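Have the 3D view ready and follow along.

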There are 2 protein chains.
Amino acid sequence: MKLELDTLKPLLDPNSIAIIGASSDLTKIGGLPIKNLVDFNYQGSIFPVNPKYNEIAGLTCYTHINQIPAEVDLAIIILPNSMVLQAVRDCGAHGVKSVLIMSSGFSEIGDKGRRDQEELTKIAKNYQMRVLGPNTVGMFNLHKGAIANFALTPSLGEVPKGRIGMVSQSGAFCGYIYTLAAQKQIGLSYFIGTGNEADIDAADCIAYLAQNEHTDVIAVYLEGCKDGKKLIAALEMAKKNKKPVIILKTGKSEIGSKAALSHTASLVGEDASYDAIFNQAGAYRVESIQELLDISYACSFGRLPQGKNIAIFTVSGGAGIMMADYLAFQDVHLPIPDENVRKKLLQLVPFASVQNPIDFTGHLVNNPKIFGEFLREILDNGHYDMIVTFTGIQGYKKEAFEELLSAMKDIQKEYPHIPQLLTTLFTPETKKKIHETGIPVFDDPITMVKVANALCYLGNHFDQSIKGQLKWIKKNLNFTLFKSNILTEVHSKSLLKHYDIPVTIEMMAKTEGEAVKVANEIGYPVVLKGMSPQILHKTDANLVHLNVTNDVDVIQLFRYIRQTISQIQDAEFEGVLVQEMLDRPVAEMIIGSNNDPQFGPMVMVGLGGIFVEAFKHVSIRKAPVDKNEALTMIQELKGSSILNGLRGQPPADIEALTELITSVSHLVIDYADEIKEVDLNPVMVYPAGNGVKTADALITLNKQVLESVN
Amino acid sequence: MKLELDTLKPLLDPNSIAIIGASSDLTKIGGLPIKNLVDFNYQGSIFPVNPKYNEIAGLTCYTHINQIPAEVDLAIIILPNSMVLQAVRDCGAHGVKSVLIMSSGFSEIGDKGRRDQEELTKIAKNYQMRVLGPNTVGMFNLHKGAIANFALTPSLGEVPKGRIGMVSQSGAFCGYIYTLAAQKQIGLSYFIGTGNEADIDAADCIAYLAQNEHTDVIAVYLEGCKDGKKLIAALEMAKKNKKPVIILKTGKSEIGSKAALSHTASLVGEDASYDAIFNQAGAYRVESIQELLDISYACSFGRLPQGKNIAIFTVSGGAGIMMADYLAFQDVHLPIPDENVRKKLLQLVPFASVQNPIDFTGHLVNNPKIFGEFLREILDNGHYDMIVTFTGIQGYKKEAFEELLSAMKDIQKEYPHIPQLLTTLFTPETKKKIHETGIPVFDDPITMVKVANALCYLGNHFDQSIKGQLKWIKKNLNFTLFKSNILTEVHSKSLLKHYDIPVTIEMMAKTEGEAVKVANEIGYPVVLKGMSPQILHKTDANLVHLNVTNDVDVIQLFRYIRQTISQIQDAEFEGVLVQEMLDRPVAEMIIGSNNDPQFGPMVMVGLGGIFVEAFKHVSIRKAPVDKNEALTMIQELKGSSILNGLRGQPPADIEALTELITSVSHLVIDYADEIKEVDLNPVMVYPAGNGVKTADALITLNKQVLESVN
């Protein structure tokens with residue numbers, strides 16, 4: 001993992017561009033980039049390369065890259081697949097700083113292509129040349145007019161130079177996003193299509209935009225990533241620079257498609273890990289292009305709320321309820337104005353609704369002046385972080401609307417930290433005026449409140465400091481004892497104990513006599529569990545016996561267990577685990593961890609027992625988590641209210657539970673190379689002050705660990 | 001409840017309109033309707049009424065309604081509040097058929113206004129005149145140019161005459177919807193703002209549109225209703241006439257705001273009843289104006305899918321995954337084409353993705369001909385009910401796009417029952433061409449698949465026959481026994497038994513001796529429960545004792561219970577219920593009913609115990625339900641998989657559970673006037689074949705029932 005941003009500059013902000021495979025037919029893929037560079041007033045040198053021509057579109061055409069008498073920052077390669085490798089070599093030899101390969105036929109077509117792509121990467125690396133693509137639609141940098149791209153034509157309209165940079169793993173979105181932005185007059189800075197990502201990937205581009213002077217907002221279309229840690233670093237860089245990141249990540253519906261050994265692995269799908277990462281890094285995930293653009297557009301005005309209190313203003317009671325209905329189920333608040341404020345508003349408009357939503361009623365049409373008075377009264381109240389306003393079709397009523405706009409503008413000056421969003425229907429003319437006030441405008445109230453919710457999320461995540469390294473001392477674990485990479489309950493728990501994770505009082509007994517002795521030491525009733533490294537599901541194999549109350553039963557059951565194991569093929573008998581019989585807890589939880597191929601160890605918590613199987617709802621983070629984060633994980637669980645003590649039960653020991661989650665998260669980080677999966681199921685949570693106890697545990701190690709220690 | 005549709009015709013399809021309170025200033029509320037009728041070429045007579053003028057806008061102005069020398073279908077009243085009642089009287093006396101009252105100051109302002117409104121209703125009734133409003137923005141009927149309405153001006157643009165009729169309880173949406181429809185060129189037939197609903201309400205208007213020749217699709221904005229049965233009748237009429245109804249109903253966030261006696265009442269909020277009604281009547285509920293318009297627009301082309309199998313076509317892999325991600329979590333299917341079909345597609349385009357989504361790849365740009373070939377190949381396969389297609393920015397590429405459109409048009413002729421939806425960016429010119437092909441077009445793929453999902457819901461609900469009356473014989477219940485309207489467990493269960501609802505074996509014992517006798521008859525272990533009409537929460541009062549195993553304990557506990565009750569103020573001791581001790585079930589359920597003020601008895605089912613409290617998720621229908629509907633209710637419960645036998649448990653007796661739900665639903669319908677709430681909690685569900693048993697029950701009667709029988 002490495003983010004070398006300086007080396008990306010010649011590619012994304014090039015002062016000179018060569019087009020290798022240039023065509024004199026400007027409607028062809030080899031001609032379009034030339035036409036675009038000319039049409040968009042590229043502020044740099046353009047060097048077409050093709051031995052067939054002397055000149056294209058008034059530009060000197062070179063026979064070979066090595067004929068270009070100047071430094072080349074970027075070479076666009078648009079050649080038949082078979083000629084690409086040589087062209088890359090030629091570029092390297094000529095000192096070209098970066099290449100953008102539009103040609104396809106590489107890793108996307110199978111083994112042959114994959115090998116070619118590896119070769120390509122090697123060549124570029126030798127020459128220290130960065131590569132975008134292959135199989136990319138290209139990129140555009142509107143501030144420089146660098147349209148290194150075959151998807152655009154001026155017929156798609158004109159996009160304003162703006163503050164939104166877009167990174168996309170799909171090339172098809174280039175023309176689509178550009179055209180939408182032109183229709184809606186949303187300003188863009190960059191579009192970067194990453195193609196096959198032979199070298200530069202989406203994370204590199206996010207990081208580049210995170211420090212780019214022309215970009216304030218980063219919009220991303222993502223299908224996956226090969227280097228999760230680099231992606232996290234890029235997202236954290238954007239967060240540090242207070243640039244909101246909005247991500248459309250596909251692949252949600254593949255959840256659970258993989259068969260998995262443990263509960264945890266089946267619950268923490270690949271997509272769920274992305275959710276956890278985005279959440280921790282403060283990136284906002286959306287599900288449609290429309291949302292991606294709407295939220296990016298609103299963010300591009302540069303104001304995000306610093307709290308979660310929203311005031312809704314409306315000229316229509318119906319629209320007000322509708323917006324409140326939506327926001328009531330989100331993580332924002334709609335505080336009611338203080339009584340003295342409500343009184344003042346009622347003096348202004350006697351039949352106004354002055355809760356929240358605040359309804360001007362039709363009065364506003366006759367008396368637009370009250371608009372500013374209402375807003376000011378509410379903001380002076382001091383409780384609010386953001387304003388959303390629905391004014392119906394006022395945007396069609398030129399004069400009355402001027403008054404509203406000028407009030408919004410004044411408010412914006414007086415309260416520069418309070419973002420305002422507006423919904424009104426508008427003509428192109430009024431839209432332009434609204435844009436000039438610096439207030440984002442929408443034509444649907446629900447679209448607006450969805451955006452408001454996203455802005456609250458983004459604004460409030462900036463303020464959350466990135467979790468620093470906790471004080472933590474790695475404990476020494478010894479893996480040499482184990483013969484199988486799937487640890488038995490007793491071995492799993494021995495590791496947990498080293499991390500001060502509470503487990504049942506228990507002891508292994510190899511003989512009947514030992515079992516009786518241990519049972520008496522622990523005190524009756526006890527639980528007996530047969531241990532065999534080959535048997536994971538002890539209950540199914542009839543190896544778990546609860547509530548054993550006397551010596552005779554211990555002996556009988558010990559024999560029964562040993563015999564049962566001996567009858568299972570290849571199963572070794574390790575002994576019988578004699579365990580205290582646990583009291584009924586307030587709740588059973590499952591706590592687990594899997595090692596995500598992209599992001600490393602993740603930690604998971606869910607309600608245990610039948611809950612987790614019936615609802616498949618768990619809370620996931622990248623490990624480690626501190627106790628605050630663990631608490632948030634618990635609180636966001638559907639059904640977590642049972643921990644507060646439903647049905648006359650006492651509240652559960654959430655303090656102890658957060659401690660346990662934190663410890664598990666450190667265990668899996670400290671031994672990220674050794675531990676593959678952890679499954680504590682169930683963890684019994686007792687009333688506050690009475691702690692938690694891990695009743696059963698299953699830890700799986702990476703196979704190599706045993707090979708290396710044995 | 002009554003839907004008198006003929007009497008609505010003069011109001012909604014008027015041949016002559018009088019404007020009482022007409023103003024010569026055509027920008028004022030008294031002038032706007034006149035201007036609108038003229039501007040929109042109203043095909044009927046216009047009679048301004050105002051003693052101040054002889055003529056307005058070239059029309060003769062009358063001094064009084066009784067001066068108009070012709071039949072008046074509709075009088076629009078725009079007078080100061082204090083003059084409205086007299087004007088209504090005058091209209092009645094003159095034989096005016098209906099009035100539309102824009103004036104405000106009635107029930108919306110409090111008691112005085114409410115009384116005036118009642119008076120108004122009475123006057124109109126005496127003259128058999130229908131009333132729209134008061135406090136309404138009015139209505140418009142575009143086919144007739146009858147713009148009885150002050151919200152529109154021609155500056156808002158022109159809306160095509162179309163097939164979508166809109167009913168709204170908010171006047172503010174009139175101009176808003178009109179303007180949006182003009183921007184998007186969506187055709188409308190009607191907008192009807194119902195205002196205070198002194199007479200005509202939203203249900204009347206839905207019913208009117210359900211039989212109106214110019215309307216195929218009914219879009220509704222609803223905040224509530226006073227006559228639920230009329231609303232149901234209207235929705236069922238629309239369904240019978242195969243007109244889709246799309247409803248934006250607000251008030252979701254008020255769920256649970258009411259304190260409630262039983263579990264059921266707290267779970268079945270007012271809004272949840274609406275959900276159940278919409279679901280049973282096949283109306284589709286949306287949450288935004290945008291959705292309301294998008295879905296209505298798509299429906300207005302007159303084609304709905306008859307099954308749930310969707311084929312996704314795309315020119316972008318990314319957009320394909322995005323759409324599949326969304327649809328994978330909806331109640332639709334994305335079947336993969338048969339192998340021979342996949343082979344044929346691969347012959348056409350070697351690197352196409354031919355699962356579902358079906359990705360043409362960039363190939364389509366060079367060879368638009370394959371578009372039709374792909375679609376035909378898939379449809380010939382015979383598995384699909386609907387096609388959704390994403391073609392990026394093809395809508396900007398005139399010639400290539402012609403080819404796609406002509407293919408879609410041919411397909412439409414060949415497969416007239418298969419609706420197609422298209423997403424592409426378009427210019428006004430291409431949009432018009434797409435519209436002419438009869439294919440709905442969107443500019444966002446997620447918007448399109450959300451619409452596709454709605455169309456599947458609507459299309460498939462038409463095919464569900466409306467539940468006929470089941471064969472059912474009302475059982476005789478005797479309420480004279482009861483002294484309190486809140487029935488004790490034993491009284492509640494006595495009613496259930498009459499409806500063959502399985503309950504625990506149990507008997508009341510008034511004395512210790514009886515208790516011992518009964519316990520021995522039932523067989524140990526037993527449960528003892530103290531009965532007092534004043535004590536609802538027996539467990540909290542320590543009146544429930546499980547697992548009582550012998551005569552001595554029965555006597556001891558009987559005394560303890562009697563004494564406990566005697567110490568609670570005003571609590572009467574009715575006896576001790578001796579009950580069989582139940583085995584552990586596969587699952588505990590809660591089944592209940594409340595009597596919705598609008599819709600009458602509703603029936604509810606949820607997972608019992610801690611599930612229902614933690615997740616607040618239940619399934620609700622209007623009673624009665626048959627066994628199929630009861631099964632659907634169970635299946636749609638989150639977590640219902642526990643009934644299939646998780647964790648090695650046997651599958652539950654779902655057959656017996658559906659029978660119980662059906663019986664409860666009949667009980668509450670048969671005694672809708674007597675029974676207020678039913679709460680069976682828990683109902684134990686045993687393994688298939690072993691039935692269900694109601695362990696505890698609480699029935700609440702309406703207070704008047706006891707007054708009338710006692």
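**Helices side by side**

In chain A, α14(A) and α15(A) run roughly parallel to each other, because their axes cross at roughly 25° and angles under 35 degrees count as roughly parallel. Keep in mind that this is a predicted model.

**α14 with α15**
- To find the pair, look at residues 398–414 of chain A for α15(A); its axis and that of α14(A) come within 8 Å.
- The crossing of α14(A) past α15(A) is right-handed.
- On the α14(A) side, the contact includes Phe371(A), Leu375(A) and Leu379(A), and on the α15(A) side the residues they belong with include Leu404(A), Met408(A) and Ile411(A).
- Sorted by class, the contact of α14(A) with α15(A) has 7 nonpolar, 1 polar and 5 charged residues.

**α12 with α14**
- Helix α12 (residues 339–348) and helix α14 (residues 369–380) of chain A have axes that come within 10 Å and cross at roughly 175°.
- That angle is over 145 degrees, so α12(A) is roughly antiparallel to α14(A).
- Val341(A), Lys344(A), Leu345(A) and Leu348(A) make the contact from α12(A), while α14(A) brings Glu373(A), Phe374(A), Glu377(A) and Ile378(A).
- This contact of α12(A) with α14(A) counts 5 nonpolar, no polar and 3 charged residues.

**The domains**
- Chain A splits into domain 1 (6–299), domain 2 (310–463), domain 3 (505–580) and domain 4 (587–709).
- Between the C-alpha centres of domain 2 and domain 3 of chain A there are 68 Å.

Conventions:
Residues numbered from 1 in each chain as written. Chains lettered and ligands numbered in written order. Predicted model: local features only at pLDDT ≥ 70, side-chain atom pairs only at ≥ 80, totals over all residues. Heavy atoms only, no water. Domains from an automatic or database assignment. Axes fitted to C-alpha atoms, helices over the stretch in contact; angles between N-to-C directions. Helix = DSSP H or I, 4+ residues; strand = E, 2+ residues; numbered from the N terminus. Parallel < 35°, antiparallel > 145°, perpendicular 65-115°, else oblique. Contact = heavy atoms within 4.5 Å. Nonpolar A, V, L, I, M, F, W, Y, C, P; charged D, E, K, R; others polar. Left-handed = near helix turned anticlockwise from the far one by under 90°.
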